[in-house]
Amino acid sequence: MRGDDNQQEGIFSYISPEKRVPAEHPLRPVRKIVDEILKEMSPKFQKLYSDVGRPSIAPERLLRSLLLQIFYSVRSERMLIEQLQYNLLFRWFVGMEMDEAVWNHAVYSKNRERLLNEEIAESFFQRVLERARPYMSDEHFTVDGTLIEAWASHKSFRPKDGTGKPPEPGGDVDFRGEKRKNQTHESTTDPDARLFTKSRGSEAKLSYMGHVLMENRNGLLVQTFLTEATGRAERDAAMLMAEAIPPGKRVTLGGDKNYDTQEFVRELRGMNITPHVAQNTTNRRSAVDERTTRHAGYEVSQRMLKKVKLRGIDKVGWLFTFTGAAYNLCRLRNLMART
């Protein structure tokens, strides 16, 4: 018997988003962990808000929605708000009812600004890390750096002294014949960004550099660090992160060829850390010799480098740390499912 194509809207709905999400959905264990962490952070949130005035969007909902934006690579907050209008999975994860009005994207952005500080992101990251501690190695680590493109165009990279060719009609800037360096130029929209290229022959972009320290057992991020994009940034950040590794036992630290310098290797050995960095033998001699490469653990460290790259990060600072926490949440969910 053929069913009716009845498109009349129902007056009432008696099913909540909770019942619409499958019991085995991968976001369910993530939501449980996130709710526990946000409950612990409630006193921190309280200090950010006044006791009087109009109620804001709950910080717990703001952070859950930001996690969704990272998990599903939602390009903008406007698109995130659009998803919350009709995506029941998103509504459930954020904690919204079926018929609850969705915020205006401008109001959302204004409320979110209050949470954009490193303390909140780091506090969330550390709480995720505590729950992942049983799955982490305390002996074998890997460091890596990734370029994060700044929210600034080449047009904004202008001489600091105000000279240079004026913009053409339409706002275009002709850079032909002009030497542009970070020492003499800066972005007018993001002065902290630096023009940088990570490999020979690739395009130079206004960027920041994000750094991570990862343990090798299950690929969990232990630390995140953000710096200006410079040629020494990766090694300097790696040294700072290595100093935070608890002393007491000998550990290994892997890295790609950019970390193979005499100074970096010498400093690590002075800290009782075995440098498992990839050998750079292109027209030079590697700083890593057979004292390191003859051990089987060195080969294991090199294989780990294939998994340490972070992608999709288009903002800096707090979001880099928060994205690291989101990555660890996904890894933690998978590890907990195996036990």
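Student: How many bridges join E1 to strand E7, and do the two run parallel or antiparallel?

Tutor: Three bridges join E1 to E7 (residues 251-255), and the two strands run parallel. The model is a predicted one, in which local features need pLDDT of at least 70 and side-chain atom pairs count only at pLDDT 80 or more, while totals for chains, interfaces and linings use all residues. Residues are numbered from 1 along each chain as its sequence is written, and side-chain values use heavy atoms, with hydrogens and water left out.

Student: What makes E1 and E7 a pair of strands?

Tutor: Two strands pair if DSSP finds at least two bridges between them; E1 and E7 have three. Within this pair, His140 stands opposite Thr252 of E7. Strands themselves are DSSP runs (E, at least two residues), as are helices (H or I, at least four), and both are numbered from the N terminus. The protein has 13 helices and eight strands.

Student: Which way does E1 run against E5, and how many bridges join them?

Tutor: Nine bridges join E1 to E5 (residues 205-215), and the pair is antiparallel. Gly145 has His211 as its bridge partner in E5.

Student: How do you know that E1 is mostly covered?

Tutor: Seven of the 10 residues of E1 (140-149) are buried, where buried means under 20% relative accessible area, exposed over 50%, and partly exposed in between (1.4 Å probe, protein chains only). For the protein, 45% of the 339 residues count as buried.

Student: Why is Leu329 called buried?

Tutor: Leu329 has 0% relative accessibility and therefore counts as buried. Leu329 is found in helix H13 (residues 318-338).

Student: Which residues is Leu329 in contact with, leaving aside its neighbours within four places in sequence?

Tutor: They are Val30, Ile33, Val34, Leu67, Phe71, Phe124 and Val128, where contact means heavy atoms within 4.5 Å. Leu329 and Leu220 are 109 residues apart along the chain, with their C-alpha atoms separated by 9.3 Å. Among contacts in the protein between residues at least 6 apart in sequence, 65% join residues at least 24 apart.

Student: What makes H8 roughly parallel to H13?

Tutor: The axes of H8 and H13 come within 8 Å and cross at roughly 20 degrees. Angles under 35 degrees count as roughly parallel, over 145 as roughly antiparallel, 65 to 115 as roughly perpendicular and the rest as oblique, so H8 is roughly parallel to H13. Axes are lines fitted to C-alpha atoms, for helices over the stretch in contact, and angles run from 0 to 180 degrees between N-to-C directions.

Student: Is the crossing of H8 and H13 left-handed or right-handed?

Tutor: H8 passes H13 in a left-handed crossing. A crossing is left-handed if the near helix is turned anticlockwise from the far one by less than a right angle, and right-handed if clockwise. The residues of the contact of H8 with H13 divide into 11 nonpolar, three polar and three charged. Here Ala, Val, Leu, Ile, Met, Phe, Trp, Tyr, Cys and Pro count as nonpolar, Asp, Glu, Lys and Arg as charged, and the others, Gly among them, as polar.

Student: Why is H2 called oblique to H8?

Tutor: The axes of H2 (residues 27-40) and H8 (residues 118-132) come within 10 Å and cross at roughly 125 degrees. That angle makes H2 oblique to H8. The crossing of these two helices is right-handed. The contact of H2 with H8 has six nonpolar, no polar and four charged residues.

Student: How do you know that H5 and H7 are roughly perpendicular?

Tutor: The axes of H5 (residues 77-86) and H7 (residues 105-112) cross at roughly 115 degrees and come within 9 Å. H5 and H7 are therefore roughly perpendicular to each other. In this contact, Glu77, Arg78, Leu80 and Ile81 of H5 meet His105, Tyr108, Ser109 and Arg112 of H7.

Student: What is the phi of Ser73, and is Ser73 buried or exposed?

Tutor: Ser73 has a positive phi of about 50 degrees although it is not a glycine. Most residues other than glycine have a negative phi. Ser73 is found in the loop between H4 (59-71) and H5, and its relative accessible area of 59% makes it exposed.

Student: Why is Asn272 called partly exposed?

Tutor: Asn272 has 36% relative accessibility and so counts as partly exposed. Asn272 lies in the loop between H10 (262-270) and E8 (273-277), and its phi is near 65 degrees, a positive value in a residue other than glycine.
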